[in-house]
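Hi,

Here is the structure I promised to pass on.

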Amino acid sequence: MAESKRQISIPTLREMKERGEKISMLTTYDYPTARLLNEAGVDVLLVGDTLGMVVLGYDSTVYVTLEEMIHHVKAVVRGAHEAFVIGDLPFGSYNEDPSQAIRSATRLIKEGGCAAVKLEGGIEMAPTVRAVADAGIPVVGHVGLLPQTATKVGGFKVQARTAEDALALFESGRALEKAGAFMIVIEAVPAPVGMLLSRSLTVPVIGIGAGAGCDGQVLVTPDMLGLQEAMTPRYLKRYAHLASTAEAAVRRYVSEVKAGTFPTEEHTYSMDPQEEAKLSR
Ligand code: KIV
């Protein structure tokens, strides 16, 4: 009998943390990739606002709109049958006040169909997290490097390098958990900071560039598959080099089309000879 696949839910994720099973998370922006990652057993699919940079060609995540997020969340949800899908709230869709955050999060859940939303920010976002969670919407926090507001700290830099900054980050993590976040993403911090935050919270802490001591890991899928090789942060491990494989395939296609060696009979529909003769006449 085929083994039935497990449906990942918030209780599943909490149980995974409790029994020390690491949580795998990857970003996803479209239906075929969502299917592939789901089949490969990824626990959580994050429709991140990295969408802007890795799919839409913007040079920052700040230009991503709520409409664009909803469009891509819908596609991912269609392909993710067992994996848990989180949609990112883009910059400007939750920063004004908690009621704006509730409205945007409701749209992402209702129109996009994802199971939870993620928003960036530390202790200052706790009231917003509380409001969204109280509205019945599961929320994921995001601390450490915050790409949407990275210009404030001088760009994409490792955060919480000093004990003082790390303690402030722990305070943020605790405030977000208390406000109702069921999971926290922590980005670009030294490994001891990732490990200590994971140990000090009861909710799962998922690291990206935060060391092996986190409860789970997340990477940006086009980066880890080598579909684009421009980004080379230290934490990134490339598991494949799909861009060079794809480029070689496309170059071959172009040269075969030019040479007339594609298509051959194998890739051509035939016609009944009598019909062909009639046609020629
Ligand atoms: O937007 C995103 O893809 C993210 C990940 C980098 C965690 O927030």
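Below is what I found, going from the overall layout down to single residues.

First, some housekeeping. This is a predicted model, so please bear in mind that local features need pLDDT of at least 70 and side-chain atom pairs count only at pLDDT 80 or more, while totals for chains, interfaces and linings use all residues. Residues are numbered from 1 along each chain as its sequence is written, and side-chain values use heavy atoms, with hydrogens and water left out.

**Overall layout**

The protein has 11 helices and 8 strands (these are DSSP runs, H or I of at least four residues for helices and E of at least two for strands, numbered from the N terminus). Its C-alpha trace spans about 85 × 45 × 35 Å along the principal axes. There are two domains, domain 1 (10–240) and domain 2 (245–280), with bounds that come from an automatic or database domain assignment. Their C-alpha centres are 46 Å apart.

Of the 281 residues, 44% count as buried (buried is under 20% relative accessible area, exposed is over 50%, and partly exposed is in between, using a 1.4 Å probe and protein chains only). Taking the contacts with a separation of 6 or more, 56% come from residues 24 or more positions apart; a contact here means heavy atoms within 4.5 Å.

**The cores**

The largest nonpolar core has 54 residues, and the members that touch the most others are Leu45, Leu108, Leu169, Ile184, Ile186 and Leu197. Helix α7 (residues 163–179) gives the most to this core, with 6 residues. Another core, of 17 residues, lies apart from it and includes Val44, Leu46, Val140 and Val185. By nonpolar core I mean a set of buried Ala, Val, Leu, Ile, Met, Phe, Trp, Tyr and Cys residues joined through side-chain atoms within 4.5 Å.

**How the helices pack**

Helix α6 (residues 126–134) and α7 have axes that come within 8 Å and cross at roughly 20 degrees. (Axes are lines fitted to C-alpha atoms, for helices over the stretch in contact, and angles run from 0 to 180 degrees between N-to-C directions.) That makes the two roughly parallel, given that angles under 35 degrees count as roughly parallel, over 145 as roughly antiparallel, 65 to 115 as roughly perpendicular and the rest as oblique. At this crossing, Ala126, Val129, Arg130 and Ala133 in α6 meet Ala175, Leu176, Lys178 and Ala179 in α7.

On α5 (residues 98–112), the axis comes within 9 Å of that of α6, and the two cross at roughly 45 degrees. That makes α5 oblique to α6. Here Pro98, Ala101, Ile102 and Ala105 in α5 meet Pro127, Thr128, Ala131 and Val132 in α6.

The axes of α4 and α5 also come within 9 Å, crossing at roughly 35 degrees. Among the residues making that contact are Leu66, Ile70 and Val73 of α4 and Ser104, Leu108 and Glu111 of α5.

**Residues to look at**

Beyond its neighbours within four places in sequence, Val129 is in contact with Leu119, Val139, Leu176, Ala179, Gly180 and Ala181.

Thr61 lies in the loop between α3 (51–54) and α4 (66–79). At 3% relative accessibility, Thr61 also counts as buried.

Ser255, in helix α10 (residues 242–259), is partly exposed, with a relative accessible area of 40%.

Some backbone details are also worth a look:

- Phe262 and Pro263 are joined by a cis peptide bond, with omega about 5 degrees. Pro263 is in the loop between α10 and α11 (273–280).
- Ala160 has phi near 55 degrees, a positive value in a residue other than glycine. Ala160 sits in the loop between β5 (139–144) and α7 and is buried, with a relative accessible area of 8%.
- Ala188 has a positive phi of about 50 degrees although it is not a glycine. Ala188 is in the loop between β6 (183–187) and α8 (191–200), and is buried at a relative accessible area of 9%.

Cheers
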